[in-house]
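Trainee: I am new to this structure and would like to work through it step by step. May we begin once it is in view?

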Amino acid sequence: MTGLVNVLDKVTGFVTRIAKFIVGFSVAAQVIVVFFAVVFRYFIKSPLTWGDEISSFLLVFITFFGCYVGLVENRLAKIELFVGLFKGVKKRVLYIISEIFSLSLLCIIFYLSVGLFFSPTVQGQTSTGLFIPMSILYGLIPVTFSFSIIYSLTRLIKLITQKEE
């Protein structure tokens, strides 16, 4: 079991580095695109027709890859007050139950997003201005959620197999 966890940790670390780069690049690109869109619209009086569309696409990248990074770095909103009332085995059991619920939710969203991705409506749809296939954006959902599932599964295995402190 330790070998599997080590492999999953390495995969998670690699994917997290890539996801952080994508988020950072997307934020920087979005700032630049919005800046130029504002300059062209209000000062040059010749709006960029693609600015809003690219900005929206970048926001999708930031959202889904950022969600994964937030999960891995334990920066998502949570309530520790209740769990803090317990110690030892009870606290560990609560963490395991919480992780099982999180993993279940991730799996449900993954399942539904795969159905959405393969729907005929999405497969034939392109963006209005740049004619980019919308399947690229809809494909981000199952991809990022599959990464989140791998991480959550790894964390669950660690919680179950860790020695008592």
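Mentor: Contact here means heavy atoms within 4.5 Å. Please keep in mind that this is a predicted model.

Trainee: Which residues does Ser55 touch, not counting residues up to four places away in sequence?

Mentor: Ser55 has its place in helix α2. Leaving aside residues up to four places away in sequence, the residues that Ser55 touches are Gln30, Val33 and Val34.

Trainee: Is Ser55 buried or exposed?

Mentor: A residue is called buried when its relative accessible area is under 20%. The relative accessibility of Ser55 is 14%, so Ser55 counts as buried.

Trainee: How are helix α1 and helix α2 directed, roughly parallel or roughly antiparallel?

Mentor: The axes of helix α1 (residues 2-43) and helix α2 (residues 51-72) come within 8 Å and cross at roughly 150 degrees. Angles over 145 degrees count as roughly antiparallel. Therefore α1 is, relative to α2, roughly antiparallel.

Trainee: What is the handedness of the crossing of α1 and α2, and how many residues of their contact are nonpolar?

Mentor: The crossing of α1 and α2 is left-handed.

Trainee: How is the aromatic pair of Phe21 and Phe25 arranged, stacked or edge-to-face?

Mentor: Phe21 and Phe25 are four residues apart in helix α1, which means that about one helical turn separates them. Phe21 and Phe25 are both exposed. Their ring centres are 6.2 Å apart with 20 degrees between the planes, and planes under 30 degrees apart count as stacked. The pair of Phe21 and Phe25 is thus stacked.

Note on methods:
Residues numbered from 1 in each chain as written. Predicted model: local features only at pLDDT ≥ 70, side-chain atom pairs only at ≥ 80, totals over all residues. Heavy atoms only, no water. Axes fitted to C-alpha atoms, helices over the stretch in contact; angles between N-to-C directions. Helix = DSSP H or I, 4+ residues; strand = E, 2+ residues; numbered from the N terminus. Parallel < 35°, antiparallel > 145°, perpendicular 65-115°, else oblique. Left-handed = near helix turned anticlockwise from the far one by under 90°. Phe/Tyr/Trp six-rings, centres within 6.5 Å; stacked < 30°, edge-to-face > 60°. Buried < 20%, exposed > 50% of the residue type's maximum accessible area, 1.4 Å probe, protein only.
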